[in-house]
Amino acid sequence: MKLHCEVEVISRHLPALGLRNRGKGVRAVLSLCQQTSRSQPSARAFLLISTLKDKRGTRYELRENIEQFFTKFVDEGKATVRLKEPPVDICLSKANSSSLKGFLSAVRLAHRGCKVDIPVSTLTPVKTSEFENFKTKMVITSKKDYPLSKNFPYSLEHLQTSYCGLVRVDMRMLCLKNLRKLDLSHNHIKKLPATIGDLIHLQELNLNDNHLESFSVALCQSTLQKSLRTLDLSKNKIKALPVQFCQLQELTNLKLDDNELIQFPCKIGQLINLRFLSAARNKLPFLPSEFRNLSLEYLDLFGNTFEQPKILPVIKLQAPLTLLESSARTILYNRIPYGSHIIPFHLCQDLDTAKTCVCGRFCLNSFIQGTTTMNLHSVAHTVVLVDNMGGTEAPIVSYFCSLGCYVNSSDMLK
Ligand SMILES: [Zn+2]
């Protein structure tokens with residue numbers, strides 16, 4: 001029985017000597033071996049740890065030699081086996097979680113001296129080819145190379161399958177829990193499964209040149225919120241992104257070129273880590289007011305259908321404010337937490353899409369809306385011209401919660 005994973009063997013004497021471990025595992029093949037000899041009729045069980053540098057491996061006696069198992073993170077492919085003699089902790093990581101569970105239960109049986117019913121390995125050196133299962137990167141750029149009968153190596157951290165004619169995301173990819181970079185560009189994918197959000201380490205997702213029409217709310221609210229840094233949705237058919245998109249707070253690099261976007265998500269200013277934004281050749285008529293809050297290094301909005309700012313403002317002020325309006329303003333101003341478990345879902349949606357006045361307060365249905373132009377250099381270091389005329393200005397919507405706010409800012413609107 002074998003297990004492929006990363007291993008670090010830590011001596012428990014190290015801290016007493018004032019030394020520290022490296023904190024990083026090496027790729028290894030773990031084998032569970034049994035050996036019978038004439039002098040000892042009962043089988044001895046060993047754990048054999050082989051690495052590329054040490055293919056013969058190091059043996060550790062298992063029988064009645066385990067002090068403790070640490071298996072809290074076994075679902076993430078991590079566990080630690082603490083041995084009595086020698087006093088070491090064997091830390092396993094990046095294992096396939098179901099293989100790890102199977103292996104640990106066999107180790108447990110060997111510790112108790114039970115006969116292990118599964119085929120055990122002999123004490124022979126591990127072949128170099130076995131380490132190929134540790135592939136961390138795989139690039140496939142044609143249909144004929146796409147694995148149909150073989151699984152993807154579970155240790156993959158970077159997978160690219162481009163020009164493979166995929167119409168949906170292969171479920172086998174969603175089991176690759178170590179994936180950091182997934183490139184599915186140049187395929188025919190129409191819809192993304194919400195389970196992509198279960199790839200807890202995914203930092204880079206490339207979906208350039210597919211047939212996507214949306215990016216789901218479920219994905220915006222998945223663990224991608226904590227991991228996703230780079231997202232490429234260029235050359236798709238996306239018309240709008242949900243307001244929850246702005247909860248992908250770790251995003252630094254977002255590409256939306258060549259879609260059919262008619263608006264940015266209104267809370268785009270919440271993407272505080274965003275540095276590179278390109279949305280060239282879309283159908284944006286103007287930018288949302290929160291766009292001013294971005295702080296970018298690079299911005300490309302070339303070839304959009306920006307409209308001329310309207311001279312007359314749209315006035316939708318209520319007097320007096322409705323109960324809904326004033327309570328919504330209060331909730332948002334005081335940052336009172338809300339959710340669909342407390343108030344009806346449609347009210348949550350209203351609150352999620354509330355407009356921000358230039359004074360920093362919020363408004364729902366009672367506001368004055370004006371359009372003005374902004375120079376894109378005020379939010380980005382490097383700006384690609386928005387048109388062939390050499391302009392770097394784009395129309396932006398502004399909201400005012402009251403007549404007072406509008407009058408005070410009327411200079412801005414000129
Ligand atoms: Zn105001």
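Which residue in β2 is the bridge partner of C5? The legends below cover this pair and other close-up views of a predicted model.

**View 1. Strands β1 and β2 pair in the antiparallel sense.** Strand β1 covers residues 2-11, and strand β2 covers residues 26-35. Six bridges join the two strands. The bridge partner of C5 in β2 is A28.

**View 2. Strand β1 also pairs with strand β7.** Residues 88-93 make up β7, which runs antiparallel to β1. The pairing extends over six bridges. Within β7, S93 is the bridge partner of E6, and D89 is the bridge partner of I10.

**View 3. Strands β6 and β7 form a hairpin.** Strand β6 consists of residues 79-83. Four residues lie between β6 and β7. The two strands are antiparallel and are joined by four bridges. R82 stands opposite D89 of β7; D89 is also the bridge partner of I10.

**View 4. V167 lies in the loop between β9 and β10.** The strands on either side of this loop are β9, residues 158-161, and β10, residues 181-183. Is V167 buried or exposed? V167 is exposed, because 11 other C-beta atoms lie within 10 Å, and a residue with 12 or fewer counts as exposed.

Methods:
Residues numbered from 1 in each chain as written. Predicted model: local features only at pLDDT ≥ 70, side-chain atom pairs only at ≥ 80, totals over all residues. Buried ≥ 20, exposed ≤ 12 C-beta atoms within 10 Å, placed from the backbone. Pairing = 2+ DSSP bridges.
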